[in-house]
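Subject: Structure handover

Hello,

Here is the structure I promised to pass on. Please look through it first, then read my notes below.

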Amino acid sequence: MAGKKILLAQNSAFIANRLPRAAKALKEANYDVDILNWNRGVNAAVIEAATENFKNEGITVYSIYCGNTPYGKGVITIVNKLLFIIKVILFLCQHGKQYKVVHAIDFDLGLPVFLAKLINPKLKYKIIYDIADFVETFHSPIPTFIRKSIKGLSEKIMKNAEIIIIPDQNRLCNIPKLLHDKTIIVNNSIDPPNEEVEYSIKQSSSLLNVFYYGALSRDRGIELLLQQQDICMWFAGKGELQEDIIKAAEINNNINYLGYLSLPEILSVASQIDIIYMVYDPTYQHNQIASPNKLYEALYLGKPCIVSENTSIDLFVDKYDIGYVTKFDVVSLKQAFSGINQIELLEKGQNAKLIYPQFSWEHSKNKLIENYNSISG
């Protein structure tokens, strides 16, 4: 394993699939893989399960704890976030010499990974900067001067990285043109689990069954969905609207909250419903270049989806005829749902299944490993 020890680092690494699937693929390619993750307290159970699973695969998980840090609280948790960055730098100054490559996902890991090398010149690891989301484009009360500072720092990290990774062609607009040559696309396609899990639900036989899962945040069109009446809604995930969904489910028979589900459980539920919901608010800049995991999971399952205009995925959905596009308002969404019939759903689902091989994880996995090999010797 000499020269092939690598570290993959991400905030809340096990909430999404981007880091876990890369870690498994690189382990299979004979890399010695470690994972660095933020234990926010609220995700402790998920981390415990993931740590044990990865241990069985020969992958070590390190988790940094900075006190209980809930999601979606913005500046309220700024002290904890700064403490996390400091602890990542300290971890790398202590352990970083053993790594040939450090793969940092998003700015909150890219920054400390970059700063650690500046602080300690003895650290010789090469940086892979994997930008799943551009934090400076997030809709939040972050002042303009801080956004500009983040953008400037992010571009410095890009310049010092051996490889830049983005999930979709549409994200190239946020990468300086001079750096396009070292930028590769590793999409958000699913790495299918080895074993299927059965998670049965009692779907409605008379209403359209609609499934939203993932981050329960305000920019995901959840509040629009909760105002619909003639459909059956299914929710899974965690986030700032979690309590609102739970309360709505308690008083409405057509609203169901399933809690936080693992990927195999999500796939089981998604396979039983009619349509997957991805109606993101296009007034949020980061949603205008959306690349949700759910899109690729819909392709894998052969399920149609519904998306909002001006989120870039609307063009993809229209091009391949794999779902429905709606304007981002309650009335338009209601009209879109009322116009759906079972024959169309089946046709669009079949279209999704047919194009899945073009966007499967195998393509991106091979590209990822080839690029790792090129910089790790």
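Helix H11 (residues 330–338) buries Ser-332, Leu-333, Ala-336 and Phe-337. Buried means under 20% relative accessible area, exposed over 50%, and partly exposed in between, with a 1.4 Å probe and protein chains only. An α-helix has 3.6 residues a turn, so residues three or four places apart point the same way.

The model is predicted: local features need pLDDT of at least 70, side-chain atom pairs count only at pLDDT 80 or more, and totals for chains, interfaces and linings use all residues. Residues are numbered from 1 along each chain as its sequence is written, and side-chain values use heavy atoms, with hydrogens and water left out.

Helices (H or I, at least four residues) and strands (E, at least two) are DSSP runs, numbered from the N terminus.

Back to H11. The face turned away from its buried side carries exposed Val-331, Lys-334, Gln-335 and Ser-338. Asp-329 caps the N-terminal end: a side-chain oxygen lies 3.1 Å from the backbone nitrogen of Val-331. What covers the buried residues of H11 includes strands S8 (208–215) and S9 (231–238), helix H6 (222–226), and S11, S12 and S13.

Now the sheet. It is open, with 6 strands in the order S10-S9-S8-S11-S12-S13, and the pairing is parallel. Two strands pair if DSSP finds at least two bridges between them. Strand S10 (255–257) and S13 stand at the edges with a single partner strand each, so one side of each has no neighbour in the sheet. Neighbouring strands are turned by 25° against each other on average, direction ignored.

What lies on the two faces of strand S12 (residues 305–308)? Cys-305 and Val-307 are on one side, Ile-306 and Ser-308 on the other, and all are buried. S12 pairs in the parallel sense with strand S11 (residues 275–278) over 3 bridges. Tyr-277 has Ile-306 as its bridge partner in S12, and Met-278 has Val-307. S12 also pairs in the parallel sense with strand S13 (residues 323–326), over 4 bridges. There, the bridge partner of Val-307 is Val-325.

S12, helix H10 (residues 313–320) and S13 make a right-handed β-α-β unit. Right-handed means that, with the strands pointing away from the viewer, the path from the first strand over the helix to the second runs clockwise.

Best wishes

Technical notes. Contact = heavy atoms within 4.5 Å. Polar contact = N/O pair within 3.5 Å; in protein donor to acceptor, adjacent residues only side chain to side chain. Axes fitted to C-alpha atoms, helices over the stretch in contact; angles between N-to-C directions.
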